[in-house]
Structures are given as C-alpha cells and as structure tokens.
Amino acid sequence: MFPTDQEFILVYVLYLATLGILLFYLKHSKKRKFFIVNLIIYIAYVVLLAFIFADEENFKYGNSLAILFYSAMFPIIHLLVLFLIYLFWKLSLLLKSRPKNLP
C-alpha cells in the first residue's frame, strides 16, 4: 500500500528530483566514485522506505505524519550534505587560487 495523498506525492517528487540530480552529476562529473557512493546510499534508503510504505500497519493510529516526516528528511539531508560538500570544495579552490601577498 503506497499512499497517494498530496503530501506523499510531494515526497515522491522529492525522491525523483534527488535521483535526477544524482544521475545528472554521475554522468557529467569527474568525481564518479563519489556519486556512485551517493547513489548507493540513496538506493539504500529508498529500499528501506519502500518496506515501510508497503506495510499497511505503519499508517494506522496517526503514524502517517511521522512516516511522512522521516521519509522527507532522508532526501533533504542528503541534498544538504551534497550542497555543503560542494560549497566547501569551491571555497577551498577559491582559497588556493588567492594570491599569497594579500592578507
């Protein structure tokens, strides 16, 4: 039983967007191993949540909001960590290219 409420549709779109970003960078990036590891992590939590979504008992007694929250947190945290790694990488490149005689 996969829920089809509007909130869960947004979570599914978030998962598809995360998959699209990972596949795009896997194809166009020079750091393929990094994105392969991220894709494996992504597949692991998609499989975990597919098992959670498949069990109808998890949605009884108001638990659907907790499942919705935690299922949305995985891709948000994953994308946030990817963004922070990219930001620190760009910052380190900027600091390396800075002339040495500047304070």
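Q: Which residues touch the most other members of the largest nonpolar core?
A: They are Phe 8, Tyr 15, Leu 22 and Tyr 42, out of 16 residues in that core. A nonpolar core is a set of buried Ala, Val, Leu, Ile, Met, Phe, Trp, Tyr and Cys residues joined through side-chain atoms within 4.5 Å; buried means under 20% relative accessible area, exposed over 50%, and partly exposed in between, with a 1.4 Å probe and protein chains only.

Q: Which elements give two or more residues to this core?
A: Helix H1 (6-28), helix H2 (32-54) and helix H3 (64-97) do, and H2 provides the largest share, 6 residues. Helices are DSSP runs (H or I, at least four residues), numbered from the N terminus.

Q: What is Tyr 42 in contact with, leaving aside neighbours within four places in sequence?
A: Tyr 42 is in contact with Tyr 15, Leu 16, Thr 18, Leu 19, Leu 22 and His 78. Contact means heavy atoms within 4.5 Å.

Q: How is the model to be read?
A: This is a predicted model, in which local features need pLDDT of at least 70 and side-chain atom pairs count only at pLDDT 80 or more, while totals for chains, interfaces and linings use all residues. Residues are numbered from 1 along each chain as its sequence is written, and side-chain values use heavy atoms, with hydrogens and water left out.

Q: Changing topic, is Phe 83 buried or partly exposed?
A: Phe 83, found in helix H3, counts as partly exposed because its relative accessibility is 48%.

Q: And what does the C-alpha trace span?
A: Along its principal axes, the trace spans about 65 × 30 × 20 Å.
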